[in-house]
Amino acid sequence: MMAEYHVPVMLKQCIDGLNIKPGGIYVDLTFGGGGHSIEVLKYLSAEGQLYGFDQDDDARVNAQQIENRSFTFIQANFRYIKRYLKLHGVAQVDGILADLGISSHQIDEVSRGFSIRGDAELDMRMDRSSQKSAKTVINEYDEKELHKILGIYGEVRNAKTLAAAIVSHRFSNSFDTTFQLIELLKHFAPRGRENKYFAQVFQAIRIEVNDEMGALEEFLEQSAEVIKPGGRLVVMSYHSLEDRMVKNYINKGKVFGEVEKDFFGNELKPFRAINRKPETASQQELKENSRSRSAKLRLAERIENGTE
Ligand SMILES: C[S@@+](CC[C@H](N)C(=O)[O-])C[C@H]1O[C@@H](n2cnc3c(N)ncnc32)[C@H](O)[C@@H]1O
């Protein structure tokens with residue numbers, strides 16, 4: 001239905017991972033074009049419920065096309081999942097699916113400012129009512145912060161040099177558009193690999209603008225409370241920092257740090273990993289959808305009493 005908006009990645013693996021009970025309650029944390037939600041709905045009976053979250057107005061427009069009484073759309077940041085589910089009278093659910101990052105639509109719609117392929121205002125907000133845009137990050141962050149963001153979120157090799165160049169450029173001219181930024185980046189990109197370099201820088205800025213790591217951390221920390229014992233956590237991520245966070249949370253019960261033990265030495269962690277290594281897209285899917293290339297899917301089951 002909304003295939004041109006976004007082609008859902010690893011659809012079958014995600015659905016299998018959710019282990020859907022027809023009368024259960026599920027959450028699609030990242031509705032986007034609704035590809036995963038539409039598939040989940042096929043498995044639900046009239047008693048089942050699906051809540052779809054997305055903070056983007058364009059996703060809300062897609063959601064309006066779904067005519068199914070089991071479905072409810074919530075336009076909000078998923079970092080507030082517990083609060084919003086409570087507003088809908090839901091304390092616990094049978095499974096949550098998260099397909100992190102941005103949709104193909106958000107990238108392809110040049111005016112949103114996520115794309116390196118067309119000129120637009122430096123925006124990159126998923127939630128267009130939020131204050132911070134790419135302009136804020138590029139024009140107002142100090143050199144040290146820029147260095148950190150470019151290095152950690154974008155894995156940009158010459159992050160320190162680039163951060164200094166951005167700051168010194170700002171003395172004479174502010175950055176307003178994506179192409180103004182790209183003009184500067186051209187001086188620092190390795191020859192022959194310019195687009196990859198631009199994409200890394202754009203990724204770093206986008207993650208910061210939308211506080212993607214902060215939102216993921218807050219969601220994961222609520223997930224144990226929101227998912228019923230026996231329920232499923234299904235998370236697909238597209239870069240190593242996210243995957244590391246998800247992996248650590250599933251294996252250690254914490255986003256950062258080591259697992260805690262009780263008096264008897266039992267590990268205190270709310271989930272059991274279903275797959276030790278993350279699942280990746282099949283050869284066929286990789287051929288058909290380049291976006292599936294970096295996808296890593298982790299599956300976990302909520303443990304009864306939180307110890308193992
Ligand atoms: C990769 S797309 C999901 C695509 C979807 N699974 C499909 O098949 O169409 C990610 C979506 O999640 C939304 N999103 C990302 N982070 C979010 C957050 N913290 N809160 C709410 N929505 C978020 C984005 O706006 C985007 O529409």
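A cavity, on a 1 Å grid over the protein atoms alone, is a set of points where a 1.4 Å probe fits but cannot get out. The model is predicted: local features need pLDDT of at least 70 and side-chain atom pairs pLDDT 80 or more, while totals for chains, interfaces and linings use all residues. Residues are numbered from 1 along each chain as its sequence is written, and side-chain values use heavy atoms, without hydrogens or water.

View 1. The largest cavity is the space taken by the ligand (more than half of its atoms lie within 2 Å of the grid points). Around the ligand are 24 residues (a heavy atom within 4 Å), and the closest are Gly33, His36, Asp54, Phe78 and Asp99.

View 2. Histidine 36 places a polar side-chain atom 2.8 Å from a ligand nitrogen, and a side-chain N or O atom of aspartate 99 is 2.8 Å from a nitrogen of the ligand. The protein buries 98% of the 610 Å² that the ligand exposes when taken alone (Shrake-Rupley method, 1.4 Å probe).

View 3. A pocket is an open set of points with protein on both sides within 12 Å along at least five of seven lines, and its lining residues have an atom within 4 Å of a point.

Notes:
A polar contact is a pair of N or O atoms within 3.5 Å; within protein, one must be able to donate a hydrogen and the other to accept it, and residues adjacent in sequence count only if both atoms are side-chain atoms.
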